Amino acid sequence: MKNTQKTIKLLFFSIPIFLLISCDTNQKEEQNVLNEINQEVENNSQAYSNLEKITSEIGHRLTGSENGAKAEKYTYELLKSYGYEDVEYHEFEVEAWARDSVRLEINNEEVEEVVSLGHSPVSADVEHEVIDVSNGLRADFDSLKEEVKGKIALVYIGILDGSPEGLKNIHRSEKTALAIEYGAEGIIITNQVPGGVLLTGTASVTGSLIDIPAICISYEKGMELKEQLKNGDEITAHIQMSNTSEMIKSRNVIATLPAKEETDGNIIIGGHLDSWDLSTGAIDNGIGIAAILDIARTYKALDLQPKRNIKFVMFMGEEQGLLGSKEMVKMLAKKEELGNVAYMMNIDMSGNPKGFNASGRGEMVPVFDEIGVKIQAVDSSYENTNANKAGLHSDHQSFMMEGVPVVGLVGNLERKVYSYYHSNGDDFSLVNEKHLENTVRFGGMFLWELANLDEIPAKKLDFEQTKEFLIDQDLKEELELGNEWKWGE
């Protein structure tokens, strides 16, 4: 009897010890992988040199253009060269917009610093009185009501200094949608970056052509017009433009890193490959694409095999209405594979991470904090400053609208870099090599940990849960303006 009790005691104590040893070994192996990712990137990163090639040899990457097709082919072949066997094009057909010419006259004097906004009409020639609609929010339009009808609305792209505290800005396309709703015959959007910087971007909430011409002018010219209107001067604007819009074929590029053991579970990391055509799109979204490609290279160089499949996706058509990501979601839903997407990680015009954004899924914040501690053990400069607020207007939105958990970077780039997005100044000179390397290092370590979690607390939300989530995140009004709200009242 005594021997039996002794045996039971030995078994009781030996099992926990074994489990502790096993757990400790796994943690050490995990930490070793993070160290290896860090070292590989520090020693062999190609992100900066690849981005230089993309911007200098291809240039802009407008969806549907010859340059866009070159970018698709370049990333496909690069992923193949890294050793990815499963690389595919996901082709889709959409209507794509391209600018031709634009002319603006203010009181019969031509304004040189002007650019048309995406999805403006194929042809337009309007001349009307200009009315100042301040920040272009619904409250601004509503305060003027019928006065806007038949005029050209002048709005600011951001929130003007001196505005009431707590105002939430909306997208340029949503400001344009409000201008149309209130009967404006055109819209002039003032950029917020001084120095004659012009920006473009879509003015359409749907990705279809809008009914009125939409243009951007420089900060200096916009402030001059505001001052004249404030002083009671009458201003007439004459906008003439021509553009093209036609059905084109474009392609997302998808490379899959298979899991160690066969599984249906997938983690998607993506960013948009396309850019606008005023410059070479180095920041928006060259830095995102270069980082994703180098994370893919790093994993192959280290012969890593995760717990879940990782799909590296270069989306096209994001700038013209999230076209590529919407098409991918449709494809996955048709194949009944959308439920296999455990997480979608998006890198768009963000970098030098100091943390990651749980995008409204609060159950993931403690998980992100724990991952951050592991990253800090490799590099103490990582701040582990995580956020938890959902937003719209990038490729993660297409997945979030279907209840898929999404995550983005909490970037820590120099502020001036963001000033040039969508603009004629978004070129390679803005790129900080070390910051780009940090995106690959910290992003690569974070992605590895996410893909290898035993259990991911955030689950796919169903239709009604997604509705409540979007309401809780204060996104309903924006989605209604964008004709994206599918839940009724």
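The questions below set values against definitions.

Author: This is a predicted model, where local features need pLDDT of at least 70, side-chain atom pairs count only at pLDDT 80 or more, and totals for chains, interfaces and linings use all residues. Residues are numbered from 1 along each chain as its sequence is written, and side-chain values use heavy atoms, with hydrogens and water left out.

Reader: How many helices and strands does the protein have, and what counts as one?
Author: The protein has 14 helices and 13 strands. Helices (H or I, at least four residues) and strands (E, at least two) are DSSP runs, numbered from the N terminus.

Reader: How many of the contacts join residues at least 24 apart?
Author: The share is 82%, among contacts between residues at least 6 apart in sequence. Contact means heavy atoms within 4.5 Å.

Reader: Why is α5 called largely enclosed?
Author: Eight of the 10 residues of helix α5 (residues 172-181) are buried, so the rest of the structure largely encloses the helix. Buried means under 20% relative accessible area, exposed over 50%, and partly exposed in between (1.4 Å probe, protein chains only). The buried residues of α5 include Arg172, Glu174, Lys175 and Leu178. Their packing partners are α4 (138-144), β5 (152-156), β6 (186-190) and α14 (476-481). In the protein, buried residues make up 56% of the 489 residues.

Reader: Is isoleucine 170 buried or exposed, and how do you know?
Author: Isoleucine 170 has a relative accessible area of 15%, so it is buried. It sits in the loop between β5 and α5. Beyond four places in sequence, isoleucine 170 touches Gly136, Leu137, Lys175, Leu178, Glu478 and Leu481.

Reader: What about aspartate 395, buried or exposed?
Author: Aspartate 395 has a relative accessible area of 0%, so it is buried. Its place is the loop between α9 (365-378) and α10 (396-400). Among the residues it touches are His272, Phe315, Glu318 and Asn346. Methionine 316 is 79 residues away from aspartate 395 in sequence, but 9.7 Å away in space, C-alpha to C-alpha.

Reader: Why are α2 and α7 called oblique?
Author: The axes of helix α2 (residues 47-58) and helix α7 (residues 282-301) cross at roughly 135° and come within 9 Å. Angles under 35 degrees count as roughly parallel, over 145 as roughly antiparallel, 65 to 115 as roughly perpendicular and the rest as oblique. Therefore α2 and α7 are oblique to each other. Ala47, Leu51 and Thr55 of α2 meet Ala282, Gly286, Ile287, Ala290 and Asp294 of α7. Axes are lines fitted to C-alpha atoms, for helices over the stretch in contact, and angles run from 0 to 180 degrees between N-to-C directions.

Reader: What makes α9 oblique to α12?
Author: The axes of α9 and helix α12 (residues 433-451) cross at roughly 130° and come within 10 Å. That makes α9 oblique to α12. The contact involves Phe368, Ile371, Lys374, Ile375 and Val378 of α9, with Phe442, Met445, Phe446, Glu449 and Leu450 of α12. These residues divide into eight nonpolar, no polar and two charged. Ala, Val, Leu, Ile, Met, Phe, Trp, Tyr, Cys and Pro count as nonpolar, Asp, Glu, Lys and Arg as charged, and the others, Gly among them, as polar.

Reader: Which is the peptide bond from aspartate 284 to asparagine 285, cis or trans?
Author: That bond, from aspartate 284 to asparagine 285, is cis, with omega near 0°. Asparagine 285 lies in helix α7.
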